[in-house]
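Here is a short tour of one structure, written for someone who likes to know the cut-offs behind each term. Keep the viewer open and follow along.

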Amino acid sequence: MKKIISVVGARPNFMKVAPIHKAFRNYEDKITHLICHTGQHYDEKMSKVFFEDLELPQPDFYLGVGSGSHAEQTANVMIEFEKILINEKPDLVLVVGDVNSTIACSLTAKKLHIKVVHVEAGLRSFDMEMPEEINRILTDRISDFLFVTEKSGLENLKNEGVDDSKVFFVGNVMIDSLVHYQPKIDKSNILEHFKLASVISKENSHVSRLTSRGYVLVTLHRPSNVDTKESLEKLVKFLNIIAKERMVVFPIHPRTKSNLEKYALIQTLSDTIILSEPIGYIDFQALIKNAELIVTDSGGIQEETTYLGVQCITLRTSTERPSTVDIGTNQLIGVDLEKAEVACLNVLAGNKKAGTIPELWDGKAAERIAEILCKEEV
Ligand code: UD1
């Protein structure tokens, strides 16, 4: 029997661990699977709703670390996770993605000589100013099993001298969730919800625009886009221009919201922009699927739009997910919002980027991971 503790910490982790948990259940005679939630994200809207939507069991361990500087958050996760590992003595610790909880838990495990499994290994933006890039590189360096989502990951790990025997190209667990929950996503009533909201608070014209001409979905939370007054002012100007063309739906990340409020900019957003709290997994996927265009600085949304064939404009200078640009529907525009405006208006004028789905993004990545971990000696 192998005892595996999987770690979730922040919003983008939940939809990656959910399919892995389901796949491990098929091997109950071989794997005992426990889930540790570090509490990096703790709000109902950033965390709890995802457990419900993704049918994740209550975590076996909750570390409750919350927010803080990078050092504080990482250190607090390490201190609390070490206690769990000393008590539980798992054979493997499984981490996903690139958030602070990912590096904190892999480092803690490795120092206790517990083997580390990294799901979504090998992705590189080559931008060391992104905290996630540091987390990715360090986690891969100490991992014993590296599960890769796209071909660029294989190349990057090879270039870094990682032994081939540790690397497995399995596909994308985040796409597993998207495939699995399609029927539920199609039943979401989030569009009706927003229409109702518009009817109550704004003129009816917005309603017909939302349905007949499509809408633009916006998500922005990266410090480089939302932390200074100057960048936020430019962002508001840009969003207000897009809002003249289409209804804009903007579920606001807590970081972005608090900064927009701090600089008194939230009230300068056009009233054709629907602002909302962060949205749960199922409803958010329905919003992506039905959007004419997504404007984002997220990592995962670049992949979800590529899988769904939805137009995506990424406001970043680099991406660790190049297949979404090379063969998918993603356009990496940079952070110059005048260029972004031209690119968005171009898409809204009907000039859409054609895309295909990367290899092995087929809903079965977690099954491959479970099969491999069952077979391998640890
Ligand atoms: C983190 C990840 C990022 C991921 C993002 C998704 C790292 C380094 N970054 O960034 O890769 O794309 O999550 O959201 O791990 N807050 C709340 N409620 C919460 C969580 C956070 O209000 O439940 C607020 C806090 O004020 C906090 C701020 O959001 O200071 C930022 O949260 P934090 O976890 O530090 O980083 P994210 O920007 O969310």
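## Helix α13 and its buried face

Helix α13 (254-262) has three buried residues, Thr 256, Asn 259 and Leu 260; buried means under 20% relative accessible area, exposed over 50%, and partly exposed in between, with a 1.4 Å probe and protein chains only. Looking down the axis of α13, you will find these buried residues within an arc of 100°, so they line one face of the helix. The arc is that of the directions from the helix axis to the C-beta atoms. Packed against the buried residues are α11 (223-226), α12 and β9 (247-251). Helices (H or I, at least four residues) and strands (E, at least two) are DSSP runs, numbered from the N terminus.

A word on the source: this is a predicted model, in which local features need pLDDT of at least 70 and side-chain atom pairs count only at pLDDT 80 or more, while totals for chains, interfaces and linings use all residues. Residues are numbered from 1 along each chain as its sequence is written, and side-chain values use heavy atoms, with hydrogens and water left out.

## Thr 256 up close

Within helix α13, Thr 256 has a relative accessible area of 1%, so it counts as buried. Not counting residues up to four places away in sequence, Thr 256 touches Leu 220, His 221, Val 226 and Phe 250, where contact means heavy atoms within 4.5 Å. The side chain of Thr 256 also reaches the backbone oxygen of Leu 220 at 2.5 Å. That is a polar contact, defined as a pair of N or O atoms within 3.5 Å; within protein, one must be able to donate a hydrogen and the other to accept it, and residues adjacent in sequence count only if both atoms are side-chain atoms. Asp 227 is 29 residues from Thr 256 along the chain, yet their C-alpha atoms are separated by 7.5 Å.

## Two positive phi values

Which residue follows α13 with a positive phi? It is Ala 264, with phi near 50°, a positive value in a residue other than glycine. Ala 264 sits in the loop between α13 and β10 (273-276), and its relative accessibility of 41% makes it partly exposed.

Glu 55 is another non-glycine residue with positive phi, near 55°. Its loop runs between α2 (44-53) and β3 (61-62). Glu 55 is partly exposed, at 46% relative accessibility.

## Around the ligand

The ligand is surrounded by 17 residues, and the closest are Gln 40, His 41, Tyr 42, Asn 100 and Glu 132. A residue is near a molecule or strand if one of its heavy atoms lies within 4 Å of it. Oxygen atoms of the ligand lie 2.8 Å from a side-chain N or O atom of Gln 40, 3.0 Å from one of His 221 and 3.2 Å from a polar side-chain atom of Arg 255.

On its own the ligand has 750 Å² of accessible area, and the protein covers 83% of this. Accessible areas come from the Shrake-Rupley method with a 1.4 Å probe; for residues, only the protein chains shown count as cover. The elements giving two or more residues to the shell around the ligand are α3 (70-88) and α13.

## Asn 240 in α12

Asn 240 belongs to helix α12. A polar atom of the Asn 240 side chain lies 2.7 Å from the backbone nitrogen of Ser 270. Leaving aside neighbours within four places in sequence, Asn 240 is in contact with Thr 268, Leu 269, Ser 270 and Ile 273.

## Helix α17, from start to end

At the start of α17, a side-chain oxygen of Asp 336 comes to within 2.9 Å of the backbone nitrogen of Glu 338. The buried residues of α17 are Leu 337, Ala 340, Ala 343, Cys 344, Val 347 and Leu 348. They cover an arc of only 135° around the axis, which puts them on the same side of α17. On the other side, Glu 338, Lys 339 and Val 342 are exposed. The cover over the buried residues includes β8 (215-219), α12 (229-245), β11 (293-296), β12 (312-314) and β13 (330-332). After α17 comes Gly 350, with a positive phi near 110°.
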